[in-house]
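Hi,

Here is the structure I promised to pass on. Have a look at it, and then read my notes below.

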Amino acid sequence: MKKIVLSGMRPTGPLHIGHLFGALKNWEKLQNKGYECYYMIADYHALSTEYSNSKNIKNYVEEIAIDFISSGLDPEKSTIFIQSLVPEHIELHLIFSMITPVPYLERNPVYKEQVEEIKDKDLHTYGFLGYPVLQAADILIYKANSVPIGIDQLPHLELTREIARRFNYLYGETFPEPEAILTETPKIPGIDGRKMSKSYNNAIYLKDSPEIIKEKVSKMFTDPKRIYRKDPGHPETCPVFLYHKIFNSVKIKEIESDCKNAIIGCTDCKKMLGEKIVEYLEDIRKKRKELEKNKKGLLEKLKYGSEKARKIAQKTILEVKEKTGILYGK
Ligand code: TRP
Ligand code: SF4
């Protein structure tokens, strides 16, 4: 039996190179290793935080679909779908909500942190508290074994496992307990050296034009101890050097020693990097142009994926209803 993989992203903004290395490349690898992969655009999860600004979600769904496919996810190999087009997720979410103790949700560290930190939105809602219950439904409705996620999502996966155990205990063995697949790539910092994030305005997006990429890179923070051109640099503390490791790995030894010996200046070092990133994202840019030209075709791809997902989801819902006894006429 093929292993089943599921992961998803919330359509709350365009994807950046952090997503590419932290998630998409890993997803693509799993797809090409022959796993049965489900990759979801979690529009209902987006609604849980963006409910007062919900008109943007639709545009981001489109953007993210383009980001997914242009970076190598293949709608013929993987099932790429929109969460709300598979309404069975909501049914399973409701059933799970009946068996999930509220304290499980209240003590979830991700929840506590976000309610505490995000001040510009009121997240004291029923839906936001239940966010991980919906995530459990997303995963378990396909009986996924493996979930490629970032470390920050581990508490949600633990809750998924608890819900699976609880359901199995109450109604009989039904769901596997899925495992996380963590990415090995180190986190790419933003151009200012902080965490790369839309809200810090420090991200390089997959959709950025070559000019914008070069301009962003030219503004990158460098080794703060290297003030004058003649000062020796400390590449290990420089975000530009970290980027070179990823985008320009063949030249890495040379850059390291040229920086330490003040042979190369930061302006030239960044110029070189900008060109490398532009080159690296060339294929993605090309595919994206084509996808953007045919939005109707894009939507068709997503509908096709959603219908495929729905067939499996409906089977699981039938089984769940049978086991819980909420099924009539059978
Ligand atoms: N919560 C995830 C995030 O913010 C998105 C998500 C929704 C997800 N459902 C999922 C991830 C199921 C993995 C599996 O990134
Ligand atoms: Fe960083 Fe390059 Fe400047 Fe060295 S030369 S400090 S690696 S930008």
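Predicted model: local features only at pLDDT ≥ 70, side-chain atom pairs only at ≥ 80, totals over all residues.

**How H3 meets H15**

The axes of helix H3 (residues 57–70) and helix H15 (residues 295–324) come within 11 Å and cross at roughly 80 degrees. Since angles of 65 to 115 degrees count as roughly perpendicular, that makes H3 roughly perpendicular to H15.

Which residues make the contact? From H3 you'll find Glu62, Ala65, Ile66 and Ile69, and they meet Lys295, Leu298, Lys301 and Leu302 of H15. Sorted by class, the contact of H3 with H15 has 5 nonpolar and 3 charged residues, with no polar ones.

**Around ligand 2**

Next, go to ligand 2, which sits in the largest cavity. Helix H11 (239–247) and helix H13 (266–280) are the elements that give two or more residues to the shell around ligand 2. If you want to pick out the residues around ligand 2, they are Thr222, Asp223, Arg226, Cys238, Val240, Phe241, Cys259, Cys266 and Cys269. By class, this shell around ligand 2 splits into 6 nonpolar, 1 polar and 2 charged residues.

Cheers

Key:
Residues numbered from 1 in each chain as written. Chains lettered and ligands numbered in written order. Heavy atoms only, no water. Near = heavy atom within 4 Å. 1 Å grid on protein atoms, 1.4 Å probe; cavity = no way out; pocket = protein on both sides within 12 Å on 5 of 7 lines; lining within 4 Å. Sits in = over half its atoms within 2 Å of the grid points. Helix = DSSP H or I, 4+ residues; strand = E, 2+ residues; numbered from the N terminus. Nonpolar A, V, L, I, M, F, W, Y, C, P; charged D, E, K, R; others polar. Axes fitted to C-alpha atoms, helices over the stretch in contact; angles between N-to-C directions. Parallel < 35°, antiparallel > 145°, perpendicular 65-115°, else oblique. Contact = heavy atoms within 4.5 Å.
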